[in-house]
Amino acid sequence: MNEFSNSLSIAQKKAAAAELSRCNELSSRFGLTLSDEQIEELVSARAGALGDTGRMEFGGGALPKLIEAFCDSAYITQESYADTLLELQDSFYYFKNESEDSISDDELIEYMRDMFEGVCAGSLEYMSQLTLDELCRGARGGDYKELF
Amino acid sequence: MEGATERGYAPAKRFDDAEIQRALWELLRRRAVRYAKGESSSLPNERVNSLFTSLCFVLRAASRAKGFTPPDSLEPDVMESLFWQGERELEKKVKFGRELLRLAHAHGQRLKNEEYRYAIAEVESFFARYDILYFAADIPCMVDYPFSPPVDESLSGIDYILEYLRRLLKEREIEEYIPENAENIIFSDNARMDDEALRRLIAELGECRHLSDKLALAGRALHSLSDAFEVLSSAFWGDEATALLNTFSEGELLLLARAVKEKPAGWHSATGWENRLLKLQREKRGAISPKTPEA
């Protein structure tokens with residue numbers, strides 16, 4: 001797709017950064033905040049993740065929703081917070097493609113959250129090895145032992 | 001957004017490229033958000049590309065309806081309004097297309113030509129699947145009826161199907177102009193050989209080493225439609241069949257085509273000459289101009 005660019009315009013980047021900055025209000029209640037540098041890195045990584053997965057974004061992106069869903073996790077510390085978000089963002093777009101868009105953003109984030117808190121026990125490496133089917137079945141209350 | 005012109009939408013020259021790009025981007029963004037129904041903030045590039053192609057197709061329809069006069073501005077509301085005007089124009093075309101389909105379907109009911117019926121069934125599926133809101137430039141059905149020359153590939157969506165239907169109808173019109181007594185007029189005496197003579201002829205044709213000898217023998221011996229039909233079905237294979245058919249007049253070819261259509265559905269000769277005939281007829285027929293080139 002040559003006609004469109006996956007890179008975000010300056011205005012879009014500013015808007016995305018402002019939105020992530022606002023997310024600090026919520027996440028700080030759980031001891032998690034993003035610095036300006038980390039926010040900038042996450043915004044840049046978003047364009048990269050979209051490019052890698054061959055997708056285009058028309059809204060504010062998945063990060064605010066991912067922050068909202070994961071910020072109260074006991075498995076995430078301030079030290080791992082930004083890196084975790086980076087990996088969650090990559091996984092999100094990967095699974096979105098795998099699902100051929102049959103799963104809504106909210107549903108997917110819910111599945112990811114359930115698995116992260118459940119069988120993955122906070123391991124992003126574990127989550128990255130899941131197939132979409134495993135993710136969905138597991139999150140819907142399937143037998144984890146059967147899956148792994 | 002540089003692809004808008006290639007996709008057939010060339011907006012008014014009074015606006016600069018950057019303005020046009022911003023306006024199209026905003027319109028595309030709105031279409032994408034509606035398409036995703038708020039469930040997804042991102043879409044695969046291919047889907048976005050299709051949405052954009054459709055968007056340009058719809059805007060072009062609106063622009064044409066307005067005599068290609070430029071819009072007053074490129075504000076989002078104006079562009080939205082232009083888009084919906086384009087949708088209405090396409091809806092009119094769809095309605096007209098359904099009417100053409102009804103006519104083509106009526107023709108198809110009277111025919112035993114399976115290929116024609118299949119083409120009609122496919123066009124019916126187009127109207128069932130056509131997504132005028134988001135993928136108006138797509139052609140969601142098989143369009144492989146072999147016209148010669150083929151339908152202009154630069155046409156999209158309903159424009160392509162309208163042209164396709166016009167061609168189908170035109171083809172039927174031509175074929176139905178065969179007079180009732182044509183067989184006696186066209187074949188010199190229309191005298192059939194008896195079975196034994198026909199068997200001998202087929203055997204002799206099989207022994208000919210050179211195509212020129214084979215054609216000369218067939219030319220001397222064939223005086224009826226049914227004999228020509230039998231000989232083509234038994235003794236002329238591949239390019240040989242085309243070579244023999246090329247020795248027939250246009251009228252003889254039409255009669256042979258009619259005889260094929262009168263065969264039961266699914267009938268095929270051992271040699272497959274009927275496919276060669278179809279191809280040859282289309283080649284001879286050449287270009288057919290549509291009556292109302294709206295595309």
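**Close-up views of charged side chains and cysteines**

At 38% relative accessibility, B:Arg34 counts as partly exposed; like everything shown here, this value comes from a predicted model.

**View 1. B:Arg34 pairs with B:Glu80.** The two side chains form a salt bridge, with the closest N and O atoms 3.6 Å apart. This pair links distant parts of the chain: B:Arg34 sits in helix H1 (residues 17–36) of chain B and B:Glu80 in helix H3 (residues 76–110), 46 residues apart. B:Glu80 is buried, at a relative accessible area of 8%.

View 2. B:Glu163 counts as buried at 9% relative accessibility, and B:Arg166 counts as buried at 15%.

View 3. B:Glu89 and B:Lys92 join through their side chains, at 3.2 Å from N to O. About one helical turn lies between them, because they are three residues apart in the helix. B:Lys92 is exposed, with 51% relative accessibility.

**View 4. A negative patch on the surface of chain A.** Look for A:Glu41, A:Asp52, A:Asp83, A:Glu87, A:Asp90 and A:Glu125, which gather here. Helices H2 (36–53) and H4 (78–98) each give two or more residues to the patch, and H4 gives the most, with three. A:Glu87 belongs to H4 and is partly exposed, at 39% relative accessibility.

View 5. B:Cys56 is buried at 0% relative accessibility, and B:Cys141 is buried at 11%. The count of disulfides over all chains is zero.

Methods: Residues are numbered from 1 along each chain as its sequence is written. Chains are lettered from A and ligands numbered from 1 in the order in which they are written. This is a predicted model: local features need pLDDT of at least 70, side-chain atom pairs count only at pLDDT 80 or more; totals for chains, interfaces and linings use all residues. Side-chain values use heavy atoms; hydrogens and water are left out. Patches are made of residues with over 30% relative accessible area and no salt bridge: like charges are joined within 9 Å, nonpolar side chains (Val, Leu, Ile, Met, Phe, Trp, Tyr) within 5 Å. Accessible areas come from the Shrake-Rupley method with a 1.4 Å probe; for residues, only the protein chains shown count as cover. A salt bridge is a side-chain nitrogen of Lys or Arg within 4 Å of a carboxyl oxygen of Asp or Glu. Lys and Arg count as positive and Asp and Glu as negative; His and the chain ends are not counted. The place of a charge is taken as NZ of Lys, CZ of Arg, CG of Asp or CD of Glu. Helices (H or I, at least four residues) and strands (E, at least two) are DSSP runs, numbered from the N terminus. Buried means under 20% relative accessible area, exposed over 50%, partly exposed in between (1.4 Å probe, protein chains only). A disulfide is a pair of cysteine sulfur atoms within 2.5 Å.
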